[in-house]
Amino acid sequence: MEQRKRKLPRIIRIILTALAILLVLVLCTGWYLNQHWTKLLRKELSGYVTDLSDSLYIVQYKDLHLNVLSGSLTVEKASMTLDSAVYRRMLAAHRAPENTYLISVEKLQLRYFRPWRYFIKNELNAGELIVTGPSIVMDQNSTVRDTTRPRTAYENISTKMKSIFIGHFQLDNTHFKYVFTRRDSSRVIHQFRNLRIGVNDFLIDSAALHDPTRYLYARNYEIGMRDYMNRTRDSLYWIFVRGISYDAAERTLNIGQFEVQPRYDKAAFQQRTGVQQDRYELLFNDIRVQELDPRLLLQEQQIWARRVNIGNGKVHIYRDRTLPMPPGDKLGQFPNQVLQKLHIPLKIDTLTGNNMELQYAELSPLTQQTGVLNFSHVHGRFTNITNIDSMVARNKHCLADFDAIFMQSGKLRAHFDFLLNNPAGRFAVSGQLKNMNGKDLNSVTRPLGMIEIRSCNIRDLNFNIQGDERKAAGSVTLLYDNLKIAILKQDKDHHSYRRKGLMSFVANVMVIKDSNPLNGEKVRVATPTHTRDIQKSFFNLVWKTLFAGVKETAGAGKL
């Protein structure tokens with residue numbers, strides 16, 4: 001027993017000595033490999049990009065650090081720039097790519113990196129890549145003609161590496177600028193700031209391109225952005241897009257809020273336009289675009305989506321009728337005509353809007369007062385929104401169904417049928433309005449028509465109208481009772497309204513029919529026709545045709 005106790009410390013010393021030697025060997029080997037592989041990486045990094053781009057791009061960086069033991073690689077202040085002389089030679093030879101890039105990053109960190117697989121097996125394998133403060137400028141020039149055969153990413157790297165795998169790829173605080181040059185050499189520029197881009201399970205090898213579970217070599221792309229702001233071309237509006245995120249695995253784009261905000265108040269807006277022009281305020285919340293096809297969007301500039309849903313929002317429109325009409329006309333501006341003229345091919349199977357608020361306000365040149373039409377709790381559904389010829393050939397009808405509360409009390413539903421690819425803008429609209437207190441219309445009739453509805457019970461209004469960009473006609477059936485009106489005049493000094501007693505009495509007794517049907521008579525059905533004022537909108541034509549039928553039914557066609 002005593003002999004064993006004397007031997008034990010010696011065994012421990014041997015083990016500790018062996019461990020120390022092993023540790024020194026590991027550290028020395030790690031130090032040597034760090035030095036050796038760092039030199040190789042510094043030499044190869046720039047050369048890789050130069051070779052793969054046919055000398056088009058130049059890579060520079062401040063410093064590079066490799067830690068073999070922890071499996072990390074850090075590159076400080078790196079940039080990739082375009083060699084303009086090489087690019088000009090490629091343009092002359094019709095070999096220049098349509099897309100070019102300028103990239104700079106504050107720091108690039110590769111974690112859980114396996115350098116032995118990179119240097120021995122020619123495989124880049126890492127668990128995570130974190131890119132801090134990247135700035136990317138992408139220039140897409142559609143005037144450039146590249147006659148070379150397109151190459152896949154694997155074909156580009158195969159001479160240098162067998163594969164590239166990164167478990168998670170994260171770009172933080174990314175600034176992205178997109179410049180698009182059209183074929184007529186005009187340019188469109190968009191800038192996005194504070195992007196968050198996450199890429200999961202990124203793999204380039206001989207089979208990844210054909211893997212149906214991957215998109216652009218990854219299992220999923222998650223892109224987020226706090227907000228985007230831009231001015232419209234006429235500088236009258238700001239456009240805000242907030243809370244953008246895209247999930248490539250679900251092919252779903254989410255937008256927290258989309259807003260079109262006038263840059264000027266109503267008076268200043270009209271001063272800048274100088275003529276009558278609708279002033280819009282748009283706000284849409286919780287927008288979800290499902291089954292968006294990113295390949296067609298990025299490669300063909302086409303928008304294909306199965307479903308777009310808007311959680312809630314508002315559309316407010318204001319027009320100052322005291323200003324002169326603008327020159328020209330509004331022919332060719334019906335919804336189906338505008339859709340056909342879009343430069344971007346579009347196909348959306350279904351678009352729904354929930355709990356929307358629609359308001360139209362108009363300043364009267366006669367009374368200097370504003371009339372307001374209001375639709376609340378609007379629910380709408382559009383189907384077959386497209387301008388793609390092959391899709392139109394299959395189905396020529398873009399349909400829209402709405403239900404809403406009209407002017408606080410009326411229950412309204414409407415169905416629109418727009419004929420696609422029709423030069424004349426053919427359309428049909430039908431609908432029903434039920435159980436409305438006619439006095440709710442006074443916010444429109446008083447300032448715009450100098451008429452006050454003293455009483456009216458609208459039981460049912462059915463309408464069916466067909467037309468095109470020149471005219472409309474149809475049938476209107478209005479069932480109502482106890483209609484009484486007052487014809488008004490306005491005090492010029494105080495803009496207040498006063499009742500014209502005699503004219504109101506004559507109108508109620510001799511002109512207005514107080515109900516439909518009248519006692520002992522059949523239901524009156526109006527068949528209005530209306531020739532469009534080509535300086536006014538689609539909705540003006542629908543409203544004027546419907547209103548002509550209502551006035552005819554009430555016996556007020558000449559009022």
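**Why these labels?**

Mentor: Strand β2, residues 72–82, holds Lys-77. The model is predicted, and local features need pLDDT of at least 70, side-chain atom pairs count only at pLDDT 80 or more, while totals for chains, interfaces and linings use all residues. Numbering starts from 1 along each chain as its sequence is written, and side-chain values use heavy atoms, with hydrogens and water left out.

Trainee: What makes a run of residues a strand or a helix?

Mentor: DSSP does. A strand is a run of E of at least two residues, a helix a run of H or I of at least four, and both are numbered from the N terminus. The protein has 11 helices and 21 strands.

Trainee: Why does Lys-77 count as partly exposed?

Mentor: Buried means under 20% relative accessible area, exposed means over 50%, and partly exposed is in between (1.4 Å probe, protein chains only). Lys-77 has 44%, so it counts as partly exposed.

Trainee: What is the phi of Lys-77?

Mentor: Phi is near 45 degrees, a positive value in a residue that is not glycine.

Trainee: How do you know whether Tyr-480 is buried or exposed?

Mentor: Its relative accessible area is 2%, so Tyr-480 is buried. The residue is in strand β19, residues 471–490. Beyond its neighbours within four places in sequence, its contacts include Cys-456, Ile-458, Lys-513, Ser-515, Arg-524 and Thr-553.

Trainee: Why does Tyr-360 count as partly exposed?

Mentor: The value is 24%, so Tyr-360 falls in the partly exposed class. Tyr-360 belongs to strand β13, residues 346–363. Its contacts outside four places in sequence include Asp-278, Ile-317, Arg-319 and Val-372. Its C-alpha is 15 Å from that of Gly-313, 47 residues apart along the chain.

Trainee: Which residues of helix α9 are buried?

Mentor: In α9, residues 442–449, the buried ones are Asn-442, Val-444, Thr-445 and Pro-447. Their cover includes β14 (370–386), β18 (451–467) and β20 (497–499). Just after α9, Met-450 has a positive phi of about 55 degrees.

Trainee: What makes the bond between Asn-516 and Pro-517 stand out?

Mentor: The peptide bond is cis, with omega about 5 degrees. Pro-517 is in the loop between α10 (501–511) and β21 (529–531).

Trainee: What makes a set of grid points a pocket?

Mentor: The grid has 1 Å spacing over the protein atoms alone. A pocket is an open set with protein on both sides within 12 Å along at least five of seven lines; in a cavity, a 1.4 Å probe fits but cannot get out. A lining residue has an atom within 4 Å of a point. Grid points are joined across faces, edges and corners, and volume is the space filled by probe spheres set on the points. The second largest pocket has about 190 Å³.

Trainee: Which residues line the second largest pocket nearest its centre?

Mentor: Pro-212, Arg-214, Tyr-215, Ala-248 and Arg-251, out of 12 lining residues. The elements giving two or more residues to the lining are β8 (218–231) and α6 (294–300).

Trainee: How do the lining residues divide by type?

Mentor: There are 6 nonpolar, 1 polar and 5 charged. Nonpolar covers Ala, Val, Leu, Ile, Met, Phe, Trp, Tyr, Cys and Pro; charged covers Asp, Glu, Lys and Arg; the others, Gly among them, are polar.

Trainee: Why is Arg-251 called partly exposed?

Mentor: Arg-251 has 31% relative accessible area, so that label applies. Arg-251 is in the loop between β9 (237–247) and β10 (252–262). Its phi is positive, about 50 degrees, though Arg-251 is not a glycine.

Trainee: How does the protein's radius of gyration stand against that of a compact globule?

Mentor: A compact globule of 559 residues would have a value near 24 Å, but the protein has 35 Å. The radius is taken over C-alpha atoms, and the globule rule is 2.2 Å times the number of residues to the power 0.38. The C-alpha atoms fill a box of roughly 130 × 75 × 50 Å along the principal axes.

Conventions
Contact = heavy atoms within 4.5 Å.
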